[in-house]
Amino acid sequence: MPSDNTSESGPNGLSYRDAGVDIEAGNDLVREIGPLAASTRRPGSDAGLGGFGGLFDLKAAGFDDPVLVAATDGVGTKLMVANAVGKHDTVGIDLVAMCVNDLIVQGAEPLFFLDYFATGKLDVAAAADVVAGIAEGCRQAGCALIGGETAEMPGLYAPGDYDLAGFSVGAVERDRVLTGDKVSAGDVILGLASSGLHSNGFSLVRRVVEQSGVDYSDPAPWGGSTLGEALLAPTRIYVKSCLDLVRADKAKAFAHITGGGLLENIPRVLPDDLSAEIDGSSWQVPPVFAWLAENGGIADTELARTFNLGIGMAVIVDADDADAAREILSAGGESAYTIGRVVERGDGEATTVTGLSLT
């Protein structure tokens, strides 16, 4: 079939384009995003597109005895906000962040990334904006964009709607894998500031926006931009600063604060006999969360189980290493707070958050 979808018609005179799939638009997108992928080259990959599979050379990347770590995720209904606002250049950063921040939890350096973009009718400009964000996220994480898939599926998605999935693979030397098994009572929990909501809880966020009667084009109630732009602030990527901590042998465990919030993510990296005590007054909760709580009537426990509340990554370190760890993280551009400690669990909850202040 020619690339312009003008093949000779069959008895019914139909072409693939008549069915709603425009191959030439897909080719246009590939030409548009080629330089974006190339901008993510790193040792081990030239970040080229167009093959049936992407290659990565672990030896060229400098690994001796690596364990591979893989992660996949999406952006969720934050995409509906992007569509409503007509702003598509940051959700690609979210997509990368949601994957690579999970890799660093196990001490892994992200190596490469692939994306899946599905839509009802391909809008080349919007899709290129999305991939530009993906490339930016890859550059922030130091990983190569080595491939992806664009699927045009009329009938499954409405025109203008799209969905994203991301896939990333990282590597860590076998003797550096973080499992949380070295965490012990008395360890300090550091919190790294988030850039806002990140990419979780948006079904609830959209419900609050609808219930409050505001529009995404209205000024954000806490100032600085429109509401839509504020909600679309991209997820912070913690890879490089946390890798510095891993290489300095100062991290016992990380917890990426995603769906499940502070309450459910920290216990995922704790031994069963330990729990986390979090002091909610030890950092300034961003005002977006207070606005959501007030306009949605959301209880503190529900907030802590749904959102990051301003802490996008928790870092568990030995008490003797806490000061050095904060210095390393600060040098890497993070705002790091001492937010709690690890204690013997007893009969209590896996995580408790006290003193939370939304003012």
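User: Leaving aside neighbours within four places in sequence, which residues is Arg247 in contact with?
Analyst: In this predicted model, Arg247 is found in helix H7. Although Arg247 and Gly107 lie 140 residues apart along the chain, their C-alpha atoms are separated by 9.0 Å. Once the neighbours within four places in sequence are set aside, the residues in contact with Arg247 are Glu109 and Arg176.

User: At what angle do H3 and H7 pack?
Analyst: The contact between these helices is made on one side by Val100, Asn101 and Ile104 of H3, and on the other by Val239, Cys242, Leu243 and Val246 of H7. By class, this contact has six nonpolar residues, one polar residue and no charged residues. The axes of H3 and H7 lie 10 Å apart, and the angle at which the helices pack is about 5°.

User: What term describes how H3 is directed relative to H7?
Analyst: H3 and H7 pack with an angle of about 5° between them. Because angles under 35 degrees count as roughly parallel, the term for H3 relative to H7 is roughly parallel.

User: How many of the residues of H3 are buried?
Analyst: Helix H3 covers residues 91–104, and from its first C-alpha to its last it reaches 20 Å, which is close to the 20 Å expected at 1.5 Å a residue. A residue counts as buried when its relative accessible area is under 20%. H3 is largely enclosed by the rest of the structure, because the number of its residues that are buried is 13 of the 14.

User: Is H3 parallel or oblique to H4?
Analyst: The axes of H3 and helix H4, which spans residues 124–141, come within 6 Å of each other and cross at roughly 40°. An angle has to be under 35 degrees to count as roughly parallel. The crossing angle of roughly 40° therefore makes the relation of H3 to H4 oblique.

User: How many charged residues are there in the contact of H3 with H4?
Analyst: The crossing of H3 and H4 is right-handed. Among the residues that make the contact are Val91, Gly92 and Ile93 of H3, together with Val130, Gly133 and Glu136 of H4. The residues of this contact divide into nine nonpolar and four polar, while the number that are charged is one.

User: Is the crossing of H7 and H11 left-handed or right-handed?
Analyst: The axes of helix H7, residues 239–247, and helix H11, residues 322–331, come within 8 Å and cross at roughly 145°. Where the two helices meet, H7 contributes Ser241, Asp244 and Leu245, and H11 contributes Ala325, Ile328 and Leu329. By class, these residues are four nonpolar, one polar and one charged. As for its hand, the crossing in which H7 passes H11 is right-handed.

User: Which residues does Thr90 touch, not counting residues up to four places away in sequence?
Analyst: Thr90 has its place in the loop between helix H2 and H3, and with a relative accessible area of 10% this residue is buried. The C-alpha atoms of Thr90 and Pro234 are separated by 5.7 Å, although the two residues are 144 residues apart along the chain. Not counting residues up to four places away in sequence, Thr90 touches Leu232 and Pro234.

User: Is Leu58 buried, exposed or partly exposed?
Analyst: Leu58 is found in the loop between helix H1 and strand S1, where it touches Phe63, Pro66, Leu68, Leu111 and Ala171, if residues up to four places away in sequence are not counted. Its relative accessible area is 25%, whereas buried would require a value under 20% and exposed a value over 50%. Leu58 is therefore partly exposed.

User: What is the relative accessible area of His198?
Analyst: His198 lies in the loop between strand S5 and helix H5, and it has a positive phi of about 60° although it is not a glycine. This residue is buried, with a relative accessible area of 2%.

User: What phi does Leu309 have?
Analyst: Leu309 lies in the loop between helix H10 and strand S8, and at 0% relative accessibility it counts as buried. Although Leu309 is not a glycine, its phi is positive, at about 55°.

Conventions:
Residues are numbered from 1 along each chain as its sequence is written. This is a predicted model: local features need pLDDT of at least 70, side-chain atom pairs count only at pLDDT 80 or more; totals for chains, interfaces and linings use all residues. Side-chain values use heavy atoms; hydrogens and water are left out. Helices (H or I, at least four residues) and strands (E, at least two) are DSSP runs, numbered from the N terminus. The expected span of a helix is 1.5 Å times one less than its number of residues. Buried means under 20% relative accessible area, exposed over 50%, partly exposed in between (1.4 Å probe, protein chains only). Axes are lines fitted to C-alpha atoms, for helices over the stretch in contact, and angles run from 0 to 180 degrees between N-to-C directions. Angles under 35 degrees count as roughly parallel, over 145 as roughly antiparallel, 65 to 115 as roughly perpendicular and the rest as oblique. A crossing is left-handed if the near helix is turned anticlockwise from the far one by less than a right angle, and right-handed if clockwise. Contact means heavy atoms within 4.5 Å. Ala, Val, Leu, Ile, Met, Phe, Trp, Tyr, Cys and Pro count as nonpolar, Asp, Glu, Lys and Arg as charged, and the others, Gly among them, as polar.
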